[in-house]
Amino acid sequence: QVQFVESGGGLVQPGGSLRLSCAASVSVLSVYAMGWYRQAPGQQRELVARITSVGDTNYEDSVKGRFTISRDNAKNTVYLQMNSLKPEDTAVYYCGTYPLTYWGPGTRVTVSS
């Protein structure tokens, strides 16, 4: 069974950085495209960034130039480096397959002074 566990969330001030990690239970990263999604309070879940099995990336417009998605297939781990964080980035962040078939429980990111 495919399972993901996210980590690295927390409270950060505007302009700060966080690095999220997503560990997969089995060796799926060489097979699936992966994505980072987020859901803010009262909002629908949205795709923030995605990466193919060969490393091609795509970003939602509001995070371009600030977020970087990467993957380490040998470690079954996907990362999301988030820089220049803004209050509007506050959300629960989930990693999962793209399209979203399997996903983890999420990690909360709060950007506030």
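Is Thr107 buried or exposed? With a relative accessibility of 10%, Thr107 counts as buried, where buried stands for under 20% relative accessible area, exposed for over 50% and partly exposed for what lies in between, computed with a 1.4 Å probe on protein chains only. The structure is a predicted model, in which local features need pLDDT of at least 70 and side-chain atom pairs count only at pLDDT 80 or more, while totals for chains, interfaces and linings use all residues. Residues are numbered from 1 along each chain as its sequence is written, and side-chain values use heavy atoms, with hydrogens and water left out. Strands, named here with S, are DSSP runs of E with at least two residues, numbered from the N terminus.

**The four-stranded sheet**

- An open sheet of 4 strands has the order S1-S3-S8-S7 with antiparallel pairing, two strands being paired if DSSP finds at least two bridges between them.
- Strand S1 (4-7) and strand S7 (67-72) are the edge strands, and each has a single partner strand, so one side of each lacks a neighbour in the sheet.
- On average, neighbouring strands of this sheet are turned by 15° against each other, direction ignored; the axes behind this value are lines fitted to C-alpha atoms, and angles run from 0 to 180 degrees between N-to-C directions.
- S1 is joined to S3 by 4 bridges in an antiparallel arrangement, and Val5 has Ala23 in S3 as its bridge partner.
- S3 is joined in turn to S8 by 6 bridges, again antiparallel, and here Ala23 has Thr77 in S8 as its bridge partner.
- S7 and S8 are paired in the antiparallel sense over 6 bridges, with Arg71 standing opposite Val78 in S8.
- The hairpin formed by S7 and S8 has 4 residues between the two strands, and Asn76 in the turn has a positive phi of about 55°.
- In strand S8 (residues 77-82), 5 of the 6 residues are buried, so this strand is largely enclosed by the rest of the structure.

**Thr77 in strand S8**

- Thr77 belongs to strand S8 and, at 10% relative accessibility, counts as buried.
- Apart from neighbours within four places in sequence, Thr77 is in contact (heavy atoms within 4.5 Å) with Ser21, Cys22, Ala23, Leu29, Ser70, Arg71 and Asp72.
- A polar atom of the Thr77 side chain lies 2.8 Å from the backbone oxygen of Lys75; a polar contact is a pair of N or O atoms within 3.5 Å, of which, within protein, one must be able to donate a hydrogen and the other to accept it, and residues adjacent in sequence count only if both atoms are side-chain atoms.
- Thr77 and Val28, which are 49 residues apart in sequence, have a C-alpha to C-alpha distance of 9.7 Å.

**The six-stranded sheet and Thr107**

- A further open sheet has 6 strands in the order S2-S10-S9-S4-S5-S6, with mixed pairing.
- Its edges are strand S2 (10-12) and strand S6 (57-59), each with a single partner strand, so that one side of each is left without a neighbour in the sheet.
- Neighbouring strands of this sheet are turned by 25° against each other on average, with direction ignored.
- S9 and S10 are paired in the antiparallel sense over 3 bridges, and Val92 stands opposite Arg108 in S10.
- Thr107 lies in strand S10, which covers residues 107-111, and a polar atom of its side chain is 3.1 Å from the backbone nitrogen of Gly9.
- Not counting residues up to four places away in sequence, Thr107 touches Glu6, Ser7, Gly8, Gly9, Leu20, Ala91, Val92 and Tyr93.

**Aromatic rings**

- The count of aromatic pairs comes to 1, under a rule by which rings of Phe, Tyr and Trp (its six-membered ring) pair if their centres lie within 6.5 Å, planes under 30 degrees apart counting as stacked, over 60 as edge-to-face and the rest as tilted.
- The rings of Tyr32 and Tyr102 have centres 6.3 Å apart and planes at 75°, so this pair is edge-to-face.
- Tyr32 lies in the loop between strand S3 (18-24) and strand S4 (33-39), and Tyr102 in the loop between strand S9 (91-98) and S10, so the pair ties together parts that are 70 residues apart in sequence.
- Tyr32 counts as partly exposed at 28% relative accessibility, and Tyr102 counts as partly exposed at 32%.
- Arg19 lies over the face of Tyr79 at 4.0 Å from the ring centre, and Arg45 lies over the face of Tyr94 at 4.0 Å from the ring centre; a charge sits over a ring if NZ of Lys or CZ of Arg is within 6 Å of the ring centre and within 35 degrees of the ring normal.
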